[in-house]
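Hi,

Here is the structure I promised to pass on to you. Could you have a look at it alongside my notes?

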Amino acid sequence: MSAIRIAPSLLAADFSYLAGSVASVAQEADWLHLDIMDGRFVPNITMGPMVVEAVRHKTDLPLDVHMMIVEPERYVEAFRLAGADSLTVHYEACPHLERVVSQIHESGALAGVAINPATPVDMLQDVLEELDLVLVMSVNPGFGGQSFWPRSLEKVRRLKDLRGDRDRPLIQVDGGINQKTAGLMKQAGAEVLVAGTAIFKAEDPGTAIRELRQA
């Protein structure tokens with residue numbers, strides 16, 4: 001089995017000292033995950049390209065930008081220019097999904113698609129070969145600190161079956177990831193774990209990342 005990647009979610013970080021939050025995970029994290037919320041697709045409003053650019057200046061880690069917004073195609077170039085290495089849009093927000101995926105690739109970023117808990121994995125079957133990653137939401141998007149949705153384990157297994165013997169798209173999971181659920185997701189086939197509260201609310205975020213790997 002491949003090594004797991006850990007992507008701390010800055011949504012749970014201390015925004016009064018964002019540079020310190022980034023530094024606290026820089027030695028242990030594989031990616032940094034940035035949740036972009038617009039107050040329309042999800043209730044909250046979080047960050048925009050300026051914050052992504054500020055984080056980019058503080059780390060060489062890949063920046064994994066999760067666009068929980070309507071009309072994400074309007075902002076692909078802005079987030080790419082700000083320093084995003086991968087851009088993930090929501091299936092539910094993109095009536096012309098293949099076009100948006102192509103736009104992301106043309107920008108030079110890796111392209112991901114996220115699906116909400118109520119969206120079947122099979123809805124991505126026709127675009128799966130064009131994706132670099134699929135993000136399975138194991139909570140409803142929009143808020144940090146939610147409880148893990150157990151049925152997402154079966155969605156990860158199904159996604160792994162659909163992918164077959166290919167190594168792409170990577171299978172990413174976000175929501176309720178902690179020492180208890182990390183091992184379950186790894187066994188189901190997840191390859192990238194996004195964790196916010198379990199890392200940034202811990203006494204030592206670096207140690208928390210190591211404990212997730214061990215779990």
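Below is what I found, going from the whole chain to a few local spots.

First, some housekeeping. This is a predicted model, where local features need pLDDT of at least 70 and side-chain atom pairs count only at pLDDT 80 or more, while totals for chains, interfaces and linings use all residues. Residues are numbered from 1 along each chain as its sequence is written, and side-chain values use heavy atoms, with hydrogens and water left out.

**The whole protein**

The protein has eight helices and eight strands (DSSP runs numbered from the N terminus: H or I of at least four residues for helices, E of at least two for strands). Its C-alpha atoms fill a box of roughly 45 × 35 × 30 Å along the principal axes. Of the 215 residues, 52% count as buried (under 20% relative accessible area, with a 1.4 Å probe and protein chains only). Among contacts (heavy atoms within 4.5 Å) between residues at least 6 apart in sequence, 64% join residues at least 24 apart.

**Helix α1**

In α1 (residues 18-25), the buried residues are Leu18, Gly20, Ser21, Val22 and Val25. They pack against the strands β1 (5-8) and β2 (32-37) and against α2 (49-56), α7 (197-200) and α8 (205-214).

**Proline 72**

This residue is found in the loop between β3 (63-68) and α3 (76-82). Proline 72 is buried, with a relative accessible area of 0%. Leaving aside residues up to four places away in sequence, proline 72 touches Met67, Val89, Ala93 and Cys94. Its C-alpha atom is separated by 20 Å from that of proline 117, 45 residues apart along the chain.

**The α5/α6 pair**

Helix α5 (residues 152-163) packs on helix α6 (residues 179-188) at an angle of about 25 degrees, with the axes 8 Å apart (lines fitted to C-alpha atoms over the stretch in contact, with angles from 0 to 180 degrees between N-to-C directions). The two helices are therefore roughly parallel (angles under 35 degrees). The contact is made by Ser152, Leu153, Val156, Arg157 and Lys160 of α5 with Leu184, Met185 and Ala188 of α6.

Happy to hear your thoughts!

Definitions and conventions
Parallel < 35°, antiparallel > 145°, perpendicular 65-115°, else oblique. Buried < 20%, exposed > 50% of the residue type's maximum accessible area, 1.4 Å probe, protein only.
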